[in-house]
Amino acid sequence: MNISITINGKAYDHDIEPRISLAQFLRENLDLTGTHIGCDTSGCGACTITLDGKAVKSCTLLAVQADGCEITTIEGMANGAQMHPIQEAFREHHGLQCGFCTPGMVMTAADILQSNPKPSEEDIRHGLEGNFCRCTGYHNIVKSIQHAAEKINT
Amino acid sequence: METFIGKPVKRREDARFLKGAGRYTDDIKLPKMTQAAFVRSPYAHAKILDVNIEDAQRGDGVVAVFTAQDGCGTFGVPCGWQVDFKNGETMREPQHPLLAKEKIKHVGEAVAIVIAETLEQARDAAELVKVDYEGLPAVTDPGKAMEPGAPLVHDQWSDNAAFDWCIGNDRTEVEAALASAHHVTEMEYRNQRLAPNAIEPRSYIADYDVNAGKWTLYTSTQNPHLIRLLLCAFVLGIPEHKVRVVSYDVGGGFGSKIYHYTEEALLTWASKEVGRPIKWTSDRSEAFLTDAHGRDHVVKSRMGFDKEGKIVAHLTDEYCAMGAYLSTFAPAVPTYLHGTLFQGVYTTPLIHLNVIAPFTHTVAVDAYRGAGRPEATYLLERMISKAAKEMDMDPAEIRFRNFIPPFDGVEQAGYQTQVALQYDSGNYEAVLKRGLEMLGYEDFRKSQIAARKNGKLLGVGISTYIEGCGIAPSAVVGSLGARAGLYEVGAVRVQPTGKVSVFTGSHSHGQGHETVFAQFVADKLGIAMDDVEIEHGDTDQVAFGMGTYGSRSLSVGGSAIIKSVEKILEKGAKIAAHKLEAAEEDLEYAEGKWTVKGTDKSISFGDVSLTAYVPHDYPEGLEPGLDFSSFYDPTNFTYPFGAHIAVVEVDSDTGRVVLKRFVACDDVGNVMNPMIVDGQIQGGVVQGIGQALLEEVIYDESGQMTSGSYMDYAMPRADDVPMIETDRTVTPCPHNPLGVKGAGEAGAIGSTPAVVNAVVDALSHLGVTDIQMPLSPQRVWKAMNNGR
């Protein structure tokens with residue numbers, strides 16, 4: 001099937017098998033390997049991207065379902081060498097260890113902060129419940145998002 | 001001059017991870033690369049009557065299909081640790097085939113591999129492989145596996161025991177002390193089976209270069225050199241110098257990526273057969289079924305106390321599951337990494353542990369974050385808290401009465417335990433005092449009484465743990481059955497311009513070696529951190545290495561690097577003395593230069609480096625160059641310790657446990673980067689909380705795993721846990737150059753019993769004395785309501 005998607009501001013036209021997941025399409029067809037696959041069942045959140053501004057799990061969405069949509073992946077977060085404030089905050093507050101869940105965490109954080117610019121700790125923890133991190137115990141991820149919120153709001 | 005040791009230096013690896021530019025194995029694409037899928041058994045125990053691959057071979061895009069009937073059928077992966085029976089009989093070590101031939105021994109065991117142009121084609125064709133099984137009864141519980149008449153995992157032996165083992169004092173002496181003890185506390189429980197669940201699934205690419213006659217294996221491993229050695233010398237019989245193992249970024253390990261897995265060997269073998277690179281990445285279901293699990297001990301224990309609450313004797317019997325085959329380090333986990341920690345932080349004079357390690361129709365059990373030590377700590381810390389309750393003592397007070405007094409390992413000797421080890425240095429009272437202070441223990445007890453009056457179920461739980469890291473020395477572990485040395489390699493190559501490349505056999509999969517190792521190398525050489533680069537994870541670059549597990553990277557790997565740094569400075573001093581026309585003993589080295597004491601005559605590290613590579617005006621007889629490699633074999637383990645305290649509230653209607661606070665005061669010796677140490681502790685604590693409250697791998701009677709997805713296996717999510725309050729005491733390790741002890745596993749070791757102790761404390765007035773982990777609302781509610 002033919003699909004047209006805008007990813008990180010760039011338009012793509014591809015002919016793909018209908019059964020290919022969006023995550024696979026990003027990784028295999030477009031070499032956007034920052035989107036990770038940790039489970040294939042929406043359980044871990046490593047594949048989180050934003051689709052038309054909302055965080056979604058790209059492993060349980062077919063690429064053809066994203067036809068006509070606008071997508072941002074982790075590769076689209078930084079502005080050239082300038083990292084996004086969320087990325088900066090994760091680095092500043094040690095919000096990552098092995099880095100595998102990190103792209104999904106950053107994309108989810110972007111969604112949390114878009115819908116709620118001043119989230120409480122509870123709001124952040126609730127917003128992150130679809131994303132597993134096995135390294136950090138979430139402590140520094142929550143702190144990173146709190147600091148990112150402050151930075152974005154000032 | 002800026003120094004870096006002890007400072008929260010931000011991580012240099014973060015930029016690539018945050019931009020999605022990490023290099024995990026599955027991110028790598030090679031030209032002409034094929035994809036593999038496995039045909040795995042749905043049975044736990046079955047005879048393979050027939051495997052028909054004809055339809056699969058004709059599948060779209062299929063390159064090859066292999067079964068145990070092919071050349072790979074003779075190979076098996078080895079076990080790296082031998083623990084013989086107490087009666088002298090050799091450990092029973094079944095062949096662990098790359099593909100099952102006649103019999104299936106656990107659900108998920110591979111029967112065939114299908115290699116195709118694309119992943120979808122490989123998976124489609126795998127479904128066309130027809131396997132005819134005859135199902136047989138299975139046994140998955142380690143206790144039941146030793147009952148008479150239990151189904152045998154390996155027919156060649158009369159029962160399921162892989163080995164049995166004991167440690168400590170004479171059993172009859174311990175029994176006698178228990179018989180005359182003032183009080184005896186007893187427990188029977190299961191330390192449940194866990195799945196490590198690194199979020200990156202295992203992933204491998206094998207690539208055979210026919211012209212060079214060389215293999216490259218890209219693998220998500222914690223120890224690339226060990227994989228190469230096992231793969232070459234013990235599985236395929238291929239020359240080690242013709243194999244390169246590469247492990248760039250690895251998305252978490254927690255033990256599960258230490259082992260040499262069958263898929264690594266099979267892909268390597270098959271890449272030569274098909275003459276093209278082959279990739280396989282596990283999906284999450286396969287990960288649950290085939291990654292080595294952790295824990296799974298069935299425990300029966302008695303601990304005797306005198307009137308004052310001092311432990312007089314401790315006797316435990318355990319059944320510890322091995323799974324269907326012996327994984328790389330499996331036999332060491334419930335023995336030398338477990339029984340040797342039964343002293344805990346207490347002066348217990350008499351200890352005996354007996355272990356029976358049965359095969360079961362399950363995937364293998366091996367080291368998982370803490371490996372044997374969380375199981376030991378859980379037992380000791382639950383027992384002592386239970387005893388305190390039974391003897392009407394405060395759980396902090398009973399610990400203070402039993403602590404080994406402080407010793408620094410320098411002025412005071414190390415502490416000789418009843419279970420073989422000699423602790424390096426410790427101050428257990430200090431760490432608990434600080435933990436109690438952080439919590440506000442006295443005030444909490446008052447608020448707990450008030451809360452109970454209002455019908456709220458609040459509880460506090462304490463755990464004071466010790467663990468052994470950097471397992472060593474090689475000669476000793478060799479005598480205990482290890483089939484490898486446990487040293488580490490660290491090389492320091494000074495470039496002519498004075499820039500420094502460091503090559504370490506340790507492997508980073510989240511721990512931040514690229515930052516921390518550069519911090520202390522920069523400080524020791526008195527140069528900028530930007531002038532130091534850390535290389536790891538490629539056997540063609542790094543001479544050798546034993547890898548990362550057991551919190552050993554800094555204490556063992558870091559020490560090897562320090563040895564090389566010292567050699568650099570020693571040789572540099574000779575060059576400096578020559579250039580400064582002074583005697584070596586008249587020089588001092590500081591801030592990146594050698595200075596003649598008492599003068600302003602000096603030469604910089606950069607100038608000495610250049611001289612070493614342009615040796616025109618040079619000491620006679622000295623070799624050019626500034627490049628050293630060192631092996632460091634520690635003289636002892638290191639022994640971090642700490643006090644963890646949990647506060648919980650239990651919902652009286654539902655039994656749901658809410659963790660209100662978690663306080664961790666740990667002592668990991670000297671600290672290179674406090675930000676990273678705190679991160680390790682926080683992450684470990686939450687993994688331990690996972691075991692206490694949420695996680696369990698369940699196999700049903702027939703050997704099916706009923707917890708094989710993230711819908712069924714509950715791990716801590718962000719809203720299950722509070723912020724983790726951390727602090728430290730510092731008791732340096734006396735026997736390694738940095739004085740470090742290790743922080744990777746501490747969190748997971750200390751936290752589990754603290755949480756369970758807190759829940760039992762919250763419910764003790766309802767007559768609850770123990771609850772089986774994980775403490776699900778259902779189990780807690782049942783315990784509160786007396787099994788109603």
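In which strand of chain B does Val492(B) lie? Val492(B) belongs to strand 21 of chain B, residues 488–494, where helices (H or I, at least four residues) and strands (E, at least two) are DSSP runs numbered from the N terminus. Before I go on, a word on conventions: residues are numbered from 1 along each chain as its sequence is written, while chains are lettered from A and ligands numbered from 1 in the order in which they are written. What we are looking at is a predicted model, in which local features need pLDDT of at least 70 and side-chain atom pairs count only at pLDDT 80 or more, whereas totals for chains, interfaces and linings use all residues.

Let me stay with Val492(B) for a moment. Val492(B) counts as buried because 28 other C-beta atoms lie within 10 Å; the terms are buried for 20 or more other C-beta atoms within 10 Å of the residue's own, exposed for 12 or fewer, and partly exposed in between, with C-beta atoms placed from the backbone. If we leave aside neighbours within four places in sequence, Val492(B) is in contact with Val500(B), Val502(B), Ile561(B), Ser564(B), Val565(B), Ile568(B) and Phe628(B), contact being C-beta atoms, placed from the backbone, that lie within 7 Å. Glu566(B), 74 residues away from Val492(B) in sequence, is 9.9 Å from Val492(B) in space, C-alpha to C-alpha.

Now to the domains of chain B, whose bounds come from an automatic or database domain assignment. There are domain 1 (14–136 + 197–290), domain 2 (423–469 + 639–788) and domain 3 (487–632). The centres of domain 1 and domain 3 of chain B, taken over C-alpha atoms, are separated by 39 Å, and 16 residues of domain 1 of chain B are in contact with 14 residues of domain 3 of chain B. On the domain 1 side, the elements giving two or more residues are helix 5 (224–236) and strand 13 (243–246) of chain B, and helix 5 of chain B gives the most, with four residues. That side divides into seven nonpolar, seven polar and two charged residues, counting Ala, Val, Leu, Ile, Met, Phe, Trp, Tyr, Cys and Pro as nonpolar, Asp, Glu, Lys and Arg as charged, and the others, Gly among them, as polar.

Helix 5 of chain B is mostly covered, with 10 of its 13 residues buried, among them Pro224(B), His225(B) and Val235(B), and the covering elements include strand 4 (76–77), strand 12 (214–219), strand 13 and helix 6 (262–274) of chain B. Helix 5 of chain B also bends by about 25° at Leu230(B), the bend being the angle between axes fitted to the seven residues ending there and the seven starting there. After helix 5 of chain B comes Gly237(B), with a positive phi near 65°.

Turning to chain A, we have domain 1 (2–76) and domain 2 (85–153), with C-alpha centres 21 Å apart. Their contact takes 15 residues from domain 1 of chain A and 13 residues from domain 2 of chain A.

Finally, the two chains: 43 residues of chain A are in contact with 41 residues of chain B. Helix 2 (85–92), helix 3 (102–115), helix 4 (121–127) and helix 5 (139–153) of chain A each give two or more residues to the chain A side, and helix 2 of chain A supplies the largest share, four residues. The chain A side divides into 18 nonpolar, 16 polar and nine charged residues.
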